[in-house]
Protein chains: 4
Amino acid sequence: MSNAILLIQCQDQKGIVAAVSDFLFYNQGNISGIDQYIDKDSESFFMRVEWELEGFRIPKHEINEGFIKTIGSKFDIEHKLYFTDPAPRMALFVSKLSHCLFDILGRHQAGELKVKIPFIISNHKDLEPIAEGFNIPFHYFEMNADNKEEQEAKQLELLKERKIDFVVLARYMQILSPNFINAYPNNIINIHHSFLPAFVGAKPYHAAHARGVKIIGATSHYVTAELDAGPIIEQDVARVRHHNSVDDLVQMGQDVEKVVLSKAIKYHIQRKVMVMGNKTIIFN
Amino acid sequence: MSNAILLIQCQDQKGIVAAVSDFLFYNQGNISGIDQYIDKDSESFFMRVEWELEGFRIPKHEINEGFIKTIGSKFDIEHKLYFTDPAPRMALFVSKLSHCLFDILGRHQAGELKVKIPFIISNHKDLEPIAEGFNIPFHYFEMNADNKEEQEAKQLELLKERKIDFVVLARYMQILSPNFINAYPNNIINIHHSFLPAFVGAKPYHAAHARGVKIIGATSHYVTAELDAGPIIEQDVARVRHHNSVDDLVQMGQDVEKVVLSKAIKYHIQRKVMVMGNKTIIFN
Amino acid sequence: MSNAILLIQCQDQKGIVAAVSDFLFYNQGNISGIDQYIDKDSESFFMRVEWELEGFRIPKHEINEGFIKTIGSKFDIEHKLYFTDPAPRMALFVSKLSHCLFDILGRHQAGELKVKIPFIISNHKDLEPIAEGFNIPFHYFEMNADNKEEQEAKQLELLKERKIDFVVLARYMQILSPNFINAYPNNIINIHHSFLPAFVGAKPYHAAHARGVKIIGATSHYVTAELDAGPIIEQDVARVRHHNSVDDLVQMGQDVEKVVLSKAIKYHIQRKVMVMGNKTIIFN
Amino acid sequence: MSNAILLIQCQDQKGIVAAVSDFLFYNQGNISGIDQYIDKDSESFFMRVEWELEGFRIPKHEINEGFIKTIGSKFDIEHKLYFTDPAPRMALFVSKLSHCLFDILGRHQAGELKVKIPFIISNHKDLEPIAEGFNIPFHYFEMNADNKEEQEAKQLELLKERKIDFVVLARYMQILSPNFINAYPNNIINIHHSFLPAFVGAKPYHAAHARGVKIIGATSHYVTAELDAGPIIEQDVARVRHHNSVDDLVQMGQDVEKVVLSKAIKYHIQRKVMVMGNKTIIFN
């Protein structure tokens, strides 16, 4: 049977852990994981608790209301309730580069990513054969300077219609409008091919090569209105040497991108990410 | 003011988190950190909770009894209670190599390690000047095949007399007897200069060089009766190349040893290590 | 145009670099890369030199003879001559796990691996659809205790017939016979899913989990008669935590396996690997 | 006996390797290491060759002239000639933080750094006791807005008088004037406590914490007129988590700083660094 996951955020105060664990214990919930973080600077409290639904005395669809009545009436908190079943629905946005797409679909096929992928969206047709190979619908949206607003509106309609929970930009080479971003706050995951905040923007491997760095990296983050400046979920690096060309950096970097992006997707799916201002808390 | 830390270990069961957090909340304890782990295989529950003593309604010296009465009467648990103040008392054992000793004393002097170091013990006199430079008493115990039992007995007496909480073997090149080890269960930290379980025993850098590995490592672990086989606390690695000599490996490895050992000491001091069979849980 | 690559191995002696570079200069060769290593212990000299064939005065098919006449008559050396064109021919052996196969074929399709893959051999039919998806012939060889010798003979015949240069065992779960191994000395690349020499043999992730290591790894090596003991080409690691299950280790490890194996293949293809006893020299 | 090291830089052209190796062979030089790199973009050739002076037919003090006559007359090259003996003379500049100073002096004492350290310069008196403990003269230069030019002039005089070859800024918190920098081009090594080009300037750990990065780093580079923008010699990183405070980052980062700076010093001493524009070639 599946689990429930509760994410809680509030001003730090005595008794919150006791109240939540009492609520679960009273209702016969078996806690399978509890994580907590107190941010001293802002005096904020963050908590993730996961418990088994089997044997829990409150029916699944009444848990949220029950929680609000019991805890929400006592503490001024923000909370989100998730269930591990059904799996969340993820839309994949791609352009021309195949490495992240291949990697995600391969992991998905191997059962590593507990997610549904109703479709792939792209502004180019290059990767359509890969989508077909994995039997996933592929929607082509031509994008140009004139039709962006219109095409994004259609994309959003499609996302809504197919009940998409979150979006992954797997090297999608279009900048999303604020309107699109606001429709999925902290639910659009991007992979940037540099060790942010170094080398924001286009062609970071060229910039890294020109600067002569000895280590390159990749960064997965939630998309916000400011380019490449959203909350960082995961980063990793690879060592390079003076004889490596830009092409070498691209190849070595793609290996990092794939691992970083898939880790960020996993943390997101498992509800292990909480956002605090422009930073993330990763309960892993 | 200082904090209290409670480490709890028991059969996994409903209500334990609620009971502990209720106990703390009821007594006005402000939880500053809570970590928990359930080992599915053995159905065991592990928990670390830290709270501020300021404002806590139970006096420091009655907390243990209070906890036993309240929680220990309901659940069959093992627990340990620690306080962040006063700092634990650590004995350093060394032989001839200075790098770990230098590193630990440098960190200690810079305030990075919250610990008291009443003395250093060695089976060689080589490092006495370093101890003197840091104003720490240095006790020389000559060790040979005949006097081991006798000398260890004297060492243990000294440890007891000076109320030593735990021992760090900072490249101490003597194998401790089971008798000595049993006097400090899970309280003797060793640094082994290989990526265990590869290259157990003497001269691991020579063995690594002979095998032609591309990565070397270091391992910090609690000492048990079986050589280099105790619970691993921390490991790290460094990349090597074909042209690196054994001497190069020694130098590169020493940098890893220092960082790995100091991390293990920190985790131990902060009571972030729990031992489960021959493995560690690190709440970091 | 393509390049020539010369690998040279001999007793260390004065004049060898001068002789080789004179030979190339005299014949108008433009050196694009030169690497050299002297092993002090064995007083052995290793060299890799790559030069452009364009403008080189000796025709491609006469270079080997020319080199032997000029240099081989003066020095007692072993040498191997390669050309970057045509690409070497690689046979892929797989069993049931798809991650390495997917990774290699994806990189090959993206132009990252300069190699021809005439076919895939497997002792199971599970991965045949992937081979078909990439339009690569798939040969199924059922293996059991009784038919091993016979089936290996057929495999070797196929390798010979299709002029295979080297073999990659991409998580092929069969132990090759010495007879097979001897047919491709230092030309069979295996990926072992541990940080060798730790956890030789079957189920290394289970062994790593049982030992409680904090870092896992993968090792690519040339296959020799002794299991998992051949010259190591490349290794890498990933950090794990106490809460990671064996399944987590498998998933995290597979990411390392893919990168390590593809790096080993690249070094091999680029003739950057020289074998010295049971160790490798990697000119990268 | 000691070795000679020749660093050569010129337009890429046929015959240069042959000419240099002939020169050495003709004069009975036994090459112990040769490294070479061709930068395709600028068509530049870089070479490092090291050979044993024992048995070399040209006397030490005539080698430079001999090389110019033989090779310099044929090719338009820049070259530098070094000897492994006597060791180069290094001046250490520090301010208040002790970790890099301790680390360098500890390595020096252990014989790891083949260098002479005639004195330490500081703009604060805090670290004088450490210098005394290692018996190294300590020169205090008070620095303020008004006396910078004057004090730097005195420092330069001291460097000249004591025949200093290169300068290491071991967390020296003063910006050097262009005049000072120009006196030691590519001979002033700085350690910056971030993964450059991210977080240039003051308080990079604070900036990294504010940005919420998951990895921090340190960078060693040659000092040029533009702040933190000189040729990068070495970089390394450490993983951080959301619960790490700025103080944690400082401590974790200092471990990286020490290793990165000592590696950069070693490469520099061993003449393994060549500068190409604003980048370095590291022959390691």
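A polar contact is a pair of N or O atoms within 3.5 Å; within protein, one must be able to donate a hydrogen and the other to accept it, and residues adjacent in sequence count only if both atoms are side-chain atoms. By this rule, 5 residue pairs, both at pLDDT 80 or more, are in polar contact across the interface of chain A and chain B. The model is predicted, with local features needing pLDDT of at least 70 and side-chain atom pairs counting only at pLDDT 80 or more, while totals for chains, interfaces and linings use all residues. Residues are numbered from 1 along each chain as written, chains are lettered from A in the order written, and side-chain values use heavy atoms, without hydrogens and water.

Here is the interface in brief.

| Chain A with chain B | Value |
|---|---|
| Residues of chain A in contact (heavy atoms within 4.5 Å) | 20 residues |
| Area buried (accessible area, 1.4 Å probe, lost on being put together, summed over both) | about 1,800 Å² |
| Share of that area from carbon and sulfur atoms | 54% |

Now to the helix. Which residues of α7 (204-211) of chain D are buried? They are P204(D), Y205(D), A208(D), H209(D) and R211(D), where buried means under 20% relative accessible area (1.4 Å probe, protein chains only). Because these residues cover an arc of only 165 degrees around the axis, they lie on the same side of α7(D); the arc is taken from the directions from the helix axis to the C-beta atoms. The partners they pack against include β11 (232-239) of chain A and α8 (246-269) of chain D. Helices here are DSSP runs (H or I, at least four residues), as are strands (E, at least two), numbered from the N terminus.

Key. Buried area = accessible area lost by both parts, 1.4 Å probe. Buried < 20%, exposed > 50% of the residue type's maximum accessible area, 1.4 Å probe, protein only.
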